[in-house]
Amino acid sequence: MANNLLEINDLTVTYGDFKIITEVSFAMKPGEIVCIAGESGCGKSTLIKAVLGIKQLGAHIKKGSIVLDGRDITHLGVEERRQILGTQIGYVPQNTRGSFNNIRSYDVQYQEAMRSHNKKFNRVEAIKCFNRLNFPDSDKLLAYQPWEMSGGMNQRMAIALAVLLGPKLMLCDEATSVLDVTSQKEVIEELAKLRNELGWSILFITHNLGVASHIADKLGVMYAGRMVEYGDIRKVLDDPIHPYTRKLLAAIPGKDRKLPVGLEGRPPLDGAEWEGCNFVPRCEYCTDSCKTRPYKLQEIVPGHYASCTSGRSV
Amino acid sequence: MVTCEAPLLEVRNIAKSYGKGKKGKEVLTDLNFKLNEGEVLGIIGESGCGKSVLLNLISCLEPVSQGQMLFRGEDYTGRKPAYVCRWFQVIFQDSEAAFDPKKTIRQSMRENLKLLAGDLADSDRKIDEMVGLMGLDTKLADRYPRQLSGGQVQRMSIARGLVTEPNMLLCDEITSALDVSAQAMIMQYLYQLRKKRGLTMVFVSHDLALCSTFCDRIAIMKGGKIVEIGTPDEIMDAPKHDYTKLLLDAVLYVK
């Protein structure tokens, strides 16, 4: 296990009394793209905030540990954390306007970002980097201000900045879900390319399994703060085990042009309503024992974990 | 033209530009389409292609620069929004922002009824019926918008649009802020509405895969023009315009 880039062990995160993430564990190898899928409120974004360092964001880690490249970063101080953010962990937020100040040029903001990480900013390097990412007008880009750009382009500028800082691990929080399909595809292809060229590892949060299937090596499905299924992307998509994963797949408009099937209700806000499975209120296969059987992620097929197998067609 | 044969909505050569002279920018050029009773038209295009402006023009929220719009053969170009909102109701992407945060959903819906129907007799029954039709518990109508999930607020906002029984719904990216399961739920209920009430809709979206499951015809917009219009099968199987092909290529299906 020593060669894992990121290890998350038994992580429990709370906001006040609310448990947002309950006992989530997984590991990422260098150069791997892991997607975490699930609906709004299931704790996907909190997971990323936990890796980034959560104290400033109001939540705290109750239990478990986060290990980056052999070093425990669960309870780092502000100064130590600042040293790893950016240079070791990069972050692309969902809000495309969130990464930059809207009315200052990219040039100034790139310089500032590089300086605050004690790195030299080199315009020629930056333009080379834009060229490599196939940006249009790459030699003029730095003079623009973010408001002049489309959302997709702004998102790509944020990715380019991350490339210049050279982290090992990228965290993308719904990085494409506010973009339209054409820009979404461009961003996805860019990320895949960067992984191949620079050996990045990417933790990609999305609710869109279509996006996940195009980029990920591993897929984790979260429901109400728990990881309910985890495994190689092909195994999870071709043979989904947990009832929730199947529901999630049915909700995506497919090639057959049939109306997608929705899922009524919403995940429970507090992850720990009862000891057992918290998908029970929305599950068609649940039995009485589901409420009491403790949650456990089991290896069903080698490399493919799930916490429930009800209604699985074999 | 005989009135009863006229399409529900006809848009003739409409154009819209902002600013004048050299600074002017044309955002819509020469759009033409007809929409028959009970038909659902999907409008697809990237951000900034003028989809939302088109809906604003149809619902008279903005004046057109040129052209005519006809409702059942009646020219209503240049009318006030208050005049056309009994025919058309617009549903926006961010419904929580479209509801008054200090009023319960029911109070907001009453406002609609008061404005459009003039009397509030039977208002509770009408509201309950619509809320039920969208598959929500009628008790939820007494909550405030922030107390509902994104998908629920969106369905409430459709219910609010429908209480005054308009002829047509204009949906502006209504599912793009939602996650896939809530989106699928909305689509299911819209489909039920079509079956039960024969509702006419203009469905603006950037998701071609979603539109192909639901619309009778799809119009592809690019740079303020409709570049292609046809049934989902025509668009998906035999796209003619290069931009349509590009869009089709960008749809990420689950592999």
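In which kind of crossing does α4(A) pass α5(A)? The crossing is right-handed, meaning that the near helix is turned clockwise from the far one by less than a right angle. This is a predicted model, in which local features need pLDDT of at least 70, side-chain atom pairs count only at pLDDT 80 or more, and totals for chains, interfaces and linings use all residues. Residues are numbered from 1 along each chain as its sequence is written, with chains lettered from A and ligands numbered from 1 in the order in which they are written.

Helix α4 (residues 123-132) and helix α5 (residues 151-165) of chain A pack at about 125 degrees, their axes 10 Å apart. Axes here are lines fitted to C-alpha atoms, for helices over the stretch in contact, and angles run from 0 to 180 degrees between N-to-C directions. Helices (H or I, at least four residues) and strands (E, at least two) are DSSP runs, numbered from the N terminus. On the α4(A) side, Glu125(A), Ala126(A), Cys129(A) and Phe130(A) meet Ala160(A), Val163(A) and Leu164(A) of α5(A); contact means C-beta atoms, placed from the backbone, within 7 Å.

Turning to the sheet, four strands of chain A line up as β2-β1-β4-β5 in an open, antiparallel arrangement, where pairing takes at least two DSSP bridges between two strands. β2 (18-28) and β5 (71-72) of chain A sit at the edges with a single partner strand each, so one side of each has no neighbour in the sheet. Further in, seven bridges join β1 (residues 6-15) to β4 (residues 60-68) of chain A, and Asn9(A) has Ser65(A) as its bridge partner in β4(A).

Definitions and conventions. Two residues are in contact if their C-beta atoms, placed from the backbone, lie within 7 Å.
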